[in-house]
Amino acid sequence: MSTTTVSDTAPAVKSRGRAAELLASVGGQNLSLIVALAVVLTLFGSLNDNYLSWNNIQVIAEAATISGLLAVVQTVVIICGGLDISVGSQAGLASVVSAMAFTSAGANPMVGMAAAIGVGVVIGLLNGVIIVYGRVNATIATLAGLAAYKGVAQLISNGAAQGYVLNNSVFIFLSRGKIAALPVMVWLLIVVALAVHVLLKYTDIGRNIYAIGGNDTAARLAGININKYLISVYGLLGVVAAVAGILLTARTGSGQPTSGSEGLELQSITAAALGGCALKGGKGGIGGTLLAVALLGALENGLTVQGINSFWQNVAQGSLLVVAVVIQQRRSGERLVGLPG
Amino acid sequence: MTTKLTNPGAAVRGLGKSFGAVRALNGVTLEFPPGQVTALMGENGAGKSTLLKILTGDHQPTEGHVLLDGVEVALHSPAQARAAGIRIIPQEPEIIPHVSVAENVYAGALPRRSGRRLDRAELRRRIEADLERLGFARVLDPDLLGSELTPAQRQLVEILRALTGEAKVIAFDEPTSSLSEQEVDALFALIRRLRDQGVAVIYVSHRMKEIFQLADRIAVLRDGAVAGVLDAGQAGEADLVRLMVGRDLSTMFVRQQVATDRVVLDVRDVTTEDVSGISLQIRAGEVVGLAGLIGAGRSELALALAGDRAILSGKVLLEGQELRSGRPGEVIRAGLGLAPEERKAQALFLHRSIRDNTSLVVLERLRRWRFVRRSAERELAQEYSDRLRVRTPSIEHEVRKLSGGNQQKVVLARWLARKPKVLILDEPTRGIDVGAKAEIYQIIADLAKEGIALLVISSELPEVLGLADRVVVMQNGRITGELSRSEATEERILSLAMADDLVSSDEGRTA
């Protein structure tokens with residue numbers, strides 16, 4: 001270790017390091033998302049005058065809230081090395097439960113919401129327990145959940161929309177209320193996202209979540225109780241999915257077993273991947289996910305405003321997920337087959 | 001294949017290469033004159049491979065130039081380097097298994113007739129001519145398939161490939177590692193012939209004997225820089241070693257015994273799925289070496305002590321307090337740390353910073369409520385990074401960009417920050433270069449001085465002998481013997497490590 005070598009090279013390395021750190025603080029991934037968002041907004045804005053109106057922006061934001069909430073918790077699960085493709089079914093079940101409990105409790109919104117969140121906690125923990133103690137691969141376990149929870153929602157609702165909630169001031173407030181010119185739903189997303197961001201970045205819990213996703217063996221040997229964390233993370237997802245379900249009820253006016261919640265798993269995973277989450281775990285953040293949610297929302301709305309067949313939106317979303325993961329793999333330096341090492 | 005040889009030469013000037021934070025090469029200026037064999041030497045990680053990869057266009061230099069015939073050349077791809085007349089014979093020849101030698105040699109430039117049909121007649125004519133000209137006609141049948149070749153023949157195929165077209169510079173990267181003695185002689189004859197034809201030959205090897213047989217000049221790299229260029233006729237082995245390591249290795253193991261009488265770790269008759277009847281005590285300030293062959297159960301024992309494997313019977317006491325098995329978190333809180341065998345797979349978070357990796361097991365001391373105090377965390381990581389001399393421009397750098405030795409130091413920093421009472425180091429110097437090894441030995445000695453009880457698992461006997469106050473030998477899941485520092489020799493350790501099974505099971509019972 002000749003010390004001269006170190007001191008000679010240190011300044012050069014440092015200046016490069018600073019530039020890299022500056023870029024890292026903005027985030028290369030986030031930067032490209034911002035650019036993509038700007039492109040989408042400009043494109044549809046120039047095609048349709050109404051697109052960039054404050055009114056339409058609020059529509060976009062409201063429409064993105066539910067998938068945004070799920071994307072935020074999906075991000076946590078993915079960072080922790082897991083995946084939950086039953087989020088949409090969980091939200092659907094919570095939606096039905098909230099409306100039915102509301103109705104049967106004599107139009108009591110608190111009972112409706114508490115019941116939904118209770119169901120969310122139970123389902124989330126159940127997913128976690130199946131994955132941890134059943135030693136089931138997360139994708140498979142939640143694929144089973146995707147079908148089963150949807151089935152439960154359809155069973156208890158007979159497959160039809162349940163109850164009517166928009167005669168209640170609390171649900172009206174949730175669906176149409178505004179605080180400081182922003183819809184209440186958007187505020188909810190902001191609060192949840194901020195809380196999760198703080199959890200991930202500033203607490204030891206967050207550090208441990210990154211550690212578990214980054215290298216579970218090392219995390220275990222560092223004394224982290226992985227099982228407890230995984231179950232808790234799925235529990236958290238269940239709660240937030242229930243909140244999303246309640247918002248779904250508020251938006252549509254009644255409990256929806258499937259409509260409005262199908263496809264949310266794809267949206268949330270796409271947003272997390274586009275936002276820079278490594279699907280192997282250990283990497284990602286809420287900022288990127290929110291940007292990706294905004295991008296997906298703006299794109300979806302733009303396509304709708306342009307009257308483009310909504311089936312194309314599925315194609316667009318599927319393609320985006322693949323593109324996001326391909327970019328990620330290339331960034332992470334996965335060796336390409338056939339190229340000299 | 002006309003190896004038309006003009007009078008060229010290659011040189012690199014001020015060559016530098018960084019991989020992220022790591023400086024692989026730094027201001028390397030070297031000449032590779034035509035008609036001479038220039039040997040390139042240096043420890044693992046000294047920068048030899050990086051230099052070769054820049055010459056072949058696989059890597060782009062961060063600074064500096066490559067010159068051919070005194071003219072700067074840009075080598076942006078292996079194809080460009082090849083076109084410029086630079087060839088490398090890689091250490092592991094790349095052979096296509098299911099095609100013939102002839103097709104292997106001319107892969108990418110097969111002779112063809114109209115309509116992209118392979119011209120087999122021309123292919124045969126060429127390979128036979130080339131084999132004849134280079135004197136390989138009798139050792140290499142052009143019809144053999146790639147998968148049927150011996151290591152030496154595979155090497156020959158690479159050499160034949162390298163000699164197609166006009167080669168000005170040919171680099172051999174440890175070509176003899178898989179060759180027999182006669183094959184080495186034949187290879188050397190070929191290299192000398194190439195040299196006499198005016199090719200600039202670069203020869204990378206660790207084998208002193210070969211270097212002195214073959215080389216005209218010897219360039220030594222150390223830490224990415226040129227440590228010196230010697231005339232092979234005047235230099236001796238000792239000069240080379242001194243240039244390569246830059247320090248006297250005999251001082252590597254100097255260590256006072258500081259063991260006290262206070263038993264810190266007391267393992268009593270512990271049995272797990274992998275080991276049985278293990279009893280052992282480690283005192284404060286003592287370094288116990290755990291020797292044995294691979295598969296003797298040493299790492300498994302370490303994992304069990306760290307709470308990661310179930311202990312079926314027996315007890316582990318740390319300062320009198322019994323550790324519950326299967327709970328790494330409790331074991332850590334009790335004061336035992338394990339730096340495991342596979343640092344990348346079992347210890348490090350490669351995509352996280354040095355700071356993150358260091359603070360992981362001390363977060364509960366660094367937090368207020370549940371918020372990590374960032375400044376305290378930075379100070380702590382910086383302190384241990386400085387103390388262990390982790391070579392990095394900043395503690396915010398990703399661990400994957402560090403060299404093996406520095407990665408190991410980060411693992412140690414993590415545990416030192418925790419201030420453990422017992423530290424288990426499983427193969428602490430595996431895969432790291434000599435310089436970093438010496439530093440790790442020093443760290444171990446310092447830790448013992450601070451009164452930490454250390455268990456060092458190592459498969460390198462000199463390391464065990466140099467470090468340990470006491471050597472415990474395991475074989476087949478049992479302890480087969482214990483040797484004090486004065487009793488321990490490589491022979492005695494080995495005979496215990498390979499002891500007869502009957503003897504070992506008896507000892508296991510009495511222990």
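Which residue in β24(B) is the bridge partner of B:V473?

Author: The model is a predicted one. In it, B:V473 has B:G481 as its bridge partner in β24(B). The two strands concerned are β23, which covers residues 470-475 of chain B, and β24(B); six bridges join them, and the pairing is antiparallel. In general, sheet strands pair through hydrogen bonds of the backbone, in either a parallel or an antiparallel sense.

This pair belongs to an open sheet of six strands in chain B, whose order is β18-β21-β22-β15-β23-β24 and whose pairing is mixed. The edges are taken by β18 (336-339) and β24 (478-484) of chain B. Each of these has a single partner strand, so one side of each has no neighbour in the sheet. From one strand to the next, the twist averages 20 degrees.

Helix α18, residues 490-497 of chain B, lies across β15 (287-292), β23 and β24 of that chain, and its direction is at about 30 degrees to β23(B). Helix α15, residues 404-418 of chain B, lies across β18 and β21 (422-426) of chain B and runs at about 175 degrees to β18(B).

Chain B also touches chain A, with 39 residues from chain B and 31 residues from chain A taking part in the contact. On the chain B side, the elements that each supply at least two residues are β2 (22-32), α10 (328-334), α11 (343-347), α13 (363-366) and β20 (371-372). Sorted by class, the residues on that side are 18 nonpolar, nine polar and 12 charged.

Elsewhere in chain B, the loop between β12 (225-231) and α8 (237-245) holds B:A232. Leaving aside residues up to four places away in sequence, B:A232 touches B:F212, B:A215, B:D216, B:R217 and B:I218. Between B:A232 and B:V37 the C-alpha to C-alpha distance is 9.9 Å, although 195 residues separate them in sequence.

Among the contacts in chain A with a separation of 6 or more, 78% are between residues 24 or more positions apart.

Terms used
Residues are numbered from 1 along each chain as its sequence is written. Chains are lettered from A and ligands numbered from 1 in the order in which they are written. This is a predicted model: local features need pLDDT of at least 70, side-chain atom pairs count only at pLDDT 80 or more; totals for chains, interfaces and linings use all residues. Two residues are in contact if their C-beta atoms, placed from the backbone, lie within 7 Å. Helices (H or I, at least four residues) and strands (E, at least two) are DSSP runs, numbered from the N terminus. Ala, Val, Leu, Ile, Met, Phe, Trp, Tyr, Cys and Pro count as nonpolar, Asp, Glu, Lys and Arg as charged, and the others, Gly among them, as polar. Two strands pair if DSSP finds at least two bridges between them. Axes are lines fitted to C-alpha atoms, for helices over the stretch in contact, and angles run from 0 to 180 degrees between N-to-C directions.
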